[in-house]
Amino acid sequence: MKKKVTAAAAIALFTLSGCSGKDAPEASGPAAGDLLVTTPAAAGELDAATWNLPFGEPASLDPIKAFNYPENTVVANLCEGLMKLESDYSISPNLATKVDTPDDKTYVYTIRDGVKFWDGQAMTVDDVAYSLNRHLDPKEGSYWADGAVSGNIESVKASGDHQVTVKLKKADASFNSYMVTPLGSVIEEKQRKEAGSDFGTPSEKVMCTGPFSVAGWDQGQSITLEKNANYWNTKKQAKTKSLKISFIVDPSAISNALTTGEIDGSYDVPLSAVSSLSGSTSGQLLYGKSLQLVGAIGTGEGPFNDPAVRRALYSGLDREAIAATVFEGTATASRSLVPNNGWSYGADIFGAAREKLPAGKPDLEAAKAEIAKAKIDTSEPIRIAYPSERTFYADIISEMSNVATELGLKIEPVGLPSAKYGAFFSDPAAREGYGAFMTTNYMDVPDPLAYLRTIVGKDGSQNYSGYDNPEINKLLDEAAVITDDAERATKVAQIESLAINDVPWIPVVDPAVRLYLNDRVTGVPASFVYLYYPWAADLGAAAK
Amino acid sequence: MMFIIRRLLALLGVLVASSFVVFAAMYAAPGKPESFLVQGRTVTPEVLAEIRRQYSLDDPFLLRYWNWLSGVLSGDFGRSLVNRQPVGDLLAEKLPTTLLLVVLAALIIVVAGIGLGTIAGIRRGPLDSAVVIFSNLGFAVPTFFAALILMSIFSVGLGWFPVFGSGEGFLDQLWHLVLPAFALALPSMAVVARITRTAIREESESEHVESARIRGVPRGIIIKRHIVRNSMLPVTTIVGVHIAGLIAGAFVVEYAFTLDGIGSMLVDAVQKKDFAIVQAVAIILVAAFGVINLIVDLLYALIDPRVRLTGVAA
């Protein structure tokens with residue numbers, strides 16, 4: 001096995017180096033350690049460009065229904081939040097010019113003057129308050145309505161001509177960072193009410209303030225965005241007049257459309273298209289800083305529920321080999337539940353803390369020592385579910401299964417149709433009988449506190465195993481009220497190392513953003529901000 | 001006439017029965033629809049309850065079936081669970097692509113399949129061997145693989161045809177559909193060519209052809225009237241079955257070429273557990289199958305008047 005891994009790794013490196021040697025920025029493999037944040041700025045404007053959404057067609061353009069790749073990638077260009085996430089993960093004011101926190105439960109947003117919706121109507125504080133309040137109204141059915149963030153909002157009120165005040169039930173230092181997501185997106189109240197139940201659909205669409213508006217939605221084929229010439233932020237006007245967004249999901253069709261230039265670019269190109277695209281002569285496959293994590297989520301059932309078993313599997317797993325072979329060098333081995341660089345503050349502290357966590361090399365001796373401590377009956381097989389069309393998960397489980405065999409455990413991979421797999425995230429009945437399920441998770445916002453809270457917090461929205469560590473719960477509460485970034489980072493780093501010691505999820509790799517751009521276009525961010533940042537506004541002509 | 005009416009009634013019965021089966025099957029499948037609507041997001045129970053209410057997921061099964069069926073009878077296929085669009089509108093948008101694709105593929109099967117088979121059947125020699133080899137190959141290559149090969153040669157390599165999409169306007173659409181139609185038609189075309197060839201061979205060696213030849217009937221007339229016409233009976237059956245199969249098989253090609261037909265819509269809807277769409281498309285598939293079979297039976301009578309349209313034919 002070892003030999004095979006090395007050989008495949010060599011091939012992966014070879015294919016990666018195949019795409020260098022061009023004058024534009026060199027696409028360095030993530031192995032080199034420096035992933036891209038942006039691509040070279042556009043040299044000129046474009047009349048038209050095409051893009052692809054590899055995860056398929058959006059179901060809705062309503063920001064509160066945008067909680068996945070297809071919807072967010074489009075809505076990010078249409079609707080804006082009070083705050084904005086920049087490509088380096090910093091957070092800056094956007095529709096709000098500033099935020100004041102008179103006490104740790106109150107956020108006062110000063111609303112920007114002169115912002116207009118696409119239809120020319122001025123954005124008012126009432127539109128802002130209305131938009132935020134939609135998450136609190138069950139009738140609106142916001143996918144962003146959850147206990148930790150919107151559930152913690154006591155009230156949202158227009159408190160002045162240019163002021164909206166949000167009161168929280170309990171202090172949460174990570175609250176403001178959510179204003180970059182659809183939680184803080186602003187829509188026009190009047191159009192929302194007129195559209196009725198069809199709001200966000202191809203027939204009624206939405207009304208926002210972003211650099212692009214919706215020109216057309218040809219169902220099953222494409223959504224066309226049109227430059228908003230009246231955009232308030234004159235420095236950030238869109239550089240492309242018309243952007244057609246297709247929904248091709250088949251990996252070989254994606255690869256063909258990109259190499260022939262019928263599509264100009266795409267984020268998240270499928271892993272199986274990596275080798276053919278990195279050899280493309282008409283464009284480049286670029287690797288960007290990501291906030292994603294590929295891993296196995298524990299469900300709280302069977303031998304996998306014993307921390308000793310999880311620790312043993314985690315330390316025995318050759319995560320570096322998986323990054324090199326299964327991900328063809330487009331990922332790095334995980335060493336934490338928090339993806340590398342997944343923070344917008346406290347970089348020194350988080351960086352240093354991460355260095356102290358065990359690296360991705362396997363340690364079978366440590367694994368054997370751990371398994372000896374297991375209290376649970378380990379004869380029962382551990383069933384791990386994955387969506388069957390994503391074959392790279394099967395490769396990961398098979399590596400894990402090799403480790404398990406060495407440890408006297410038994411792992412049983414179960415490929416499931418997407419529909420059945422999808423239910424794992426919301427339906428406890430679906431998870432019954434499975435010890436774990438594979439996932440590609442991402443951080444909503446680059447804040448380890450907000451992210452860890454969902455995974456290891458007692459009532460975390462992604463805590464599927466009922467993980468409950470009193471020490472962590474206490475630290476989470478303490479961190480939430482610390483307003484000083486460095487101080488908070490220190491506390492969160494402590495939670496991070498406690499959490500990885502119990503491995504409620506087994507993190508495997510941090511995949512890079514896989515961005516393809518043909519030679520005609522450039523400018524978009526390469527980092528993982530395209531779900532909340534108006535990336536298409538930066539898309540323009542490449543220098544000749 | 002009675003025959004046609006009886007067949008139509010039987011078709012209606014099949015449609016109602018299969019609609020019930022499809023409706024029930026979607027319920028038996030694991031996972032709740034509201035879970036898919038929130039895309040795995042953990043939302044508050046109030047939001048879930050509201051979603052269930054909006055989509056009337058709390059009504060009893062039979063009531064929902066009845067509501068749906070009576071809706072369909074009045075031309076209302078309901079609304080997509082995922083994007084709230086009326087299913088009828090979606091079908092109206094996507095059906096033309098699939099129909100054009102299937103019609104093109106059917107034309108290819110009939111013209112190329114029967115044509116090649118007839119030529120190979122009448123003339124022996126290198127052409128005959130070529131057709132035999134081609135039909136073996138064509139039958140062995142799976143549709144999705146044919147799609148990949150055609151695409152990499154004619155779209156990516158030569159750049160003659162577009163890589164994806166259905167195109168706008170009739171001619172552009174036709175251009176977009178040439179490769180998909182070939183990929184879709186290939187296996188059936190191969191089978192039809194092979195069966196036509198065999199049928200022609202059998203007819204040419206039959207007694208009545210032999211006696212006609214001895215009586216000195218001109219070769220052209222023998223081929224036209226005796227051989228080809230008689231051999232078309234088994235060929236019609238096989239062509240009919242294969243064309244009906246095209247509709248169900250179209251999804252593979254639609255997916256590979258990213259065509260917005262009802263096939264790719266069905267695949268998508270099954271994955272997202274979009275009840276309303278799955279039910280509507282399934283019904284359309286069953287109906288199309290039934291109608292094509294009916295047409296084949298009618299063609300029988302046209303080709304061979306001896307076949308009486310009695311109710312016995314199944």
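Helix 5 of chain A (residues 251-259) has these buried residues: A:Ala253, A:Ile254, A:Ser255, A:Asn256, A:Ala257 and A:Leu258. Buried here means under 20% relative accessible area, with exposed over 50% and partly exposed in between, using a 1.4 Å probe and protein chains only. Helices (H or I, at least four residues) and strands (E, at least two) are DSSP runs, numbered from the N terminus.

Welcome to this structure, which is a predicted model: local features need pLDDT of at least 70, side-chain atom pairs count only at pLDDT 80 or more, and totals for chains, interfaces and linings use all residues. Residues are numbered from 1 along each chain as its sequence is written, chains are lettered from A and ligands numbered from 1 in the order in which they are written, and side-chain values use heavy atoms, leaving out hydrogens and water.

**Around helix 5 of chain A**

- The cover over the buried residues of helix 5 includes strand 1 (46-52), strand 11 (265-266), helix 6 (274-278) and strand 19 (513-518) of chain A.
- Just after helix 5 of chain A comes A:Gly261, with a positive phi of about 85°.

**A residue in strand 6 of chain A**

- A:Ser155 sits in strand 6 of chain A, which covers residues 153-160.
- Because its relative accessibility is 18%, A:Ser155 counts as buried.
- Setting aside neighbours within four places in sequence, A:Ser155 is in contact (heavy atoms within 4.5 Å) with A:Thr165, A:Val166 and A:Lys167.

**Chain B as a whole**

- Chain B holds 12 helices and 0 strands.
- The C-alpha trace of chain B spans about 85 × 55 × 35 Å along its principal axes.
- Of the 314 residues in chain B, 47% are buried.
- Taking contacts in chain B between residues at least 6 apart in sequence, 75% join residues at least 24 apart.

**Two helices that meet in chain B**

- Helix 10 (residues 219-256) and helix 11 (residues 262-271) of chain B have axes that come within 7 Å and cross at roughly 90°; axes are lines fitted to C-alpha atoms, for helices over the stretch in contact, and angles run from 0 to 180 degrees between N-to-C directions.
- Helix 10 of chain B and helix 11 of chain B are therefore roughly perpendicular to each other, a term for angles of 65 to 115 degrees.
- On the helix 10 side of chain B, the contact is made by B:Phe251, B:Glu254 and B:Tyr255.
- Helix 11 of chain B contributes B:Ile262, B:Gly263, B:Ser264 and B:Val267 to the contact.

How values were computed: Angles under 35 degrees count as roughly parallel, over 145 as roughly antiparallel, 65 to 115 as roughly perpendicular and the rest as oblique.
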